[in-house]
Amino acid sequence: MNAFEIIGGKKLKGEIVPQGAKNEALQILSAVLLTAEKMTISNIPDIKDVNKLIDLLAALGVSVNRLNKDTYEFEAKDINIDYFQSEEFKHKGGGLRGSIMIVGPLLARFGKAAIPKPGGDKIGRRRLDTHFLGFEKLGAKFVYDAENNFFNVDATALQGAYILMDEASVTGTANVVMAAVLAKGTTTIYNAACEPYLQQLCKMLNRMGAKIAGIGSNLLTIEGVERLGGTEHRMLPDMIEIGSFIGLAAMTGSEITIKDVCFKELGIIPTIFAKLGIQFELRGDDIFIPAQDTYEIDTFIDGSILTVSDAPWPGFTPDLLSIVLVTAIQAKGNVLIHQKMFESRLFFVDKLIDMGAQIILCDPHRATVIGLNKQTKLRGIEMTSPDIRAGVSLLIAALSAQGKSVIYNIEQIERGYQDIEERLKALGADIRRVEAQPSH
C-alpha cells in the first residue's frame, strides 16, 4: 500500500496548471457512443476513474487512439452490444461508478443496454433512481436480473416526454439528456442540473447536431434528431482542483499562480474563498494568490457567524466544502460548515482535531471551525484518507503542519488528482511516496 510522507510548514511558490475536469470527463467520454463518427477530446485528466472508463469504451468496441498525454480520438463504429452480458463487463462496469453514464447513449443509439449494480465512494448513499426513472419516462423497460445482479434495459422506441427530475442530479441529467437527443419528439427536463460540466456536454451535443435549448438553466428542451455526427471538444479545468489550490496557498502562506482557470465558469467558488479573507487577483485567466500571513473570515452583516453550505449549481459545490473547512482552521474568526448533500463527508474532522484544529462536529452535517489565526501550527500525524476530497483536505493540512505527516490510502486521492505529488514538488513541497502499512 502506498502512502505520502510529508514534512510540512514550508512556504510554497510557483505556478500550477489545473487538470481537466474529472466530472466532465465521465459524461463527455460516454457521449462518444452516440455517433459512429470520429470524436477528438482534449484536456482529459490522466486519472484512474477516467482511464477505467476509456478501457471500458475500448472493450465495448470503440476504437481509441491516444494522440498525446491529454488528447484522444474515439470512433464508436463497431460496438459489441453482447459485451454487456459478459463476466468481464460485470467486473469492469461494477468497479466504476462512471459506468452508469454509458447507459443513456447506448439506449439512444442501440435501443438496449445492461449494467451491473454499481459500487462507489463512501460519502453516503448515492441513489441511481434518478437515472432509471428518467429512462422509464422516455419509454425504457427495466428487468432486474437478481441472480446475476444485472439491470437489463430495453428501449427500442424511445419517445420524448416531460420529465420532472426528482433531484437535480448532474450525472442523472446528463444520462437522460444523452438518451433524449436521439428519441422521437420533444423531451422537456425540469429541475435539470445546470453545472458548467453539463453545459459543456449540451454544447458539445449541439455541435454534433443535437437540438438542445435552455442550456445553463434548469429547464432543458430537447428536440430529438435522427443521428449525430463527430466533433472536437476541450474539457474545462477542474474547479475542485482550483479551489483546492486556493486553500493550499492560504494555509501555507504561499504565493501561487493557478494557470488557465476559465474564471467565468467558476461561479460562486472565488466569492466563498474571498469570504474566508483570502486575497487573490485575476491576471488574464490566471488566479494570482499573494503570500498572506493572515486572513480573516467575514461575518454576516449583523455580525453573526458566517455559514458556508453546499447547494446544487449555481450554489457552492459539495466537493469543496472539506477544502473550505480545512482552510478555515488557520483563519482569524469562526465559520459554520453545513454539508447538506452527503451525510458522511465530515467524518474526517477527527484527524484534523488530532492535528490541533479547533473544530466542533455538531452532527453528521455540521461542523464549527474556530480559526487559529496561525498562532499555533497544526502538528503532523499519521492518518488514512476516507474519500477523494477529504484526502486532499488532509494533504493541505499536512503541508501546513509542523513536522512529519503520513497519509495512507492515497489511492483514493489519486482517483481524482493526476500527478499530484510531482505538481506539489514543483511548488517546493516536501512530499514523497513511500510503501507503508498503517500501524493501527
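Asparagine 373 lies in the loop between strand E20 (366-370) and strand E21 (382-384). The model is predicted. Asparagine 373 has a positive phi, near 50 degrees.

**Backbone exceptions**
- Most residues other than glycine have a negative phi, and most peptide bonds are trans.
- Asparagine 373 is buried, because its relative accessible area of 18% falls under the 20% limit.
- Asparagine 409 also has a positive phi, near 60 degrees.
- The place of asparagine 409 is the loop between strand E22 (404-408) and helix H13 (411-414).
- With a relative accessible area of 23%, asparagine 409 is partly exposed.
- A cis peptide bond joins tryptophan 313 to proline 314, with omega near 10 degrees.
- Proline 314 sits in the loop between strand E17 (306-309) and helix H10 (321-328).

**Overall dimensions**
- The chain has 440 residues and a radius of gyration of 22 Å, which agrees with the value near 22 Å for a compact globule.
- The C-alpha trace spans about 65 × 50 × 40 Å along its principal axes.

**Packing and contacts**
- Buried residues make up 56% of the 440 in the chain.
- Among contacts with a separation of 6 or more, 74% link residues 24 or more positions apart.

**Surface and charge**
- The accessible surface of the chain is about 17300 Å². Carbon and sulfur atoms contribute 50% of that area.
- The chain carries 47 positive and 53 negative charges.

Definitions and conventions:
Residues are numbered from 1 along each chain as its sequence is written. This is a predicted model: local features need pLDDT of at least 70, side-chain atom pairs count only at pLDDT 80 or more; totals for chains, interfaces and linings use all residues. Side-chain values use heavy atoms; hydrogens and water are left out. The radius of gyration is taken over C-alpha atoms; the globule rule is 2.2 Å times the number of residues to the power 0.38. Buried means under 20% relative accessible area, exposed over 50%, partly exposed in between (1.4 Å probe, protein chains only). Contact means heavy atoms within 4.5 Å. Accessible areas come from the Shrake-Rupley method with a 1.4 Å probe; for residues, only the protein chains shown count as cover. Lys and Arg count as positive and Asp and Glu as negative; His and the chain ends are not counted. The place of a charge is taken as NZ of Lys, CZ of Arg, CG of Asp or CD of Glu. Helices (H or I, at least four residues) and strands (E, at least two) are DSSP runs, numbered from the N terminus.
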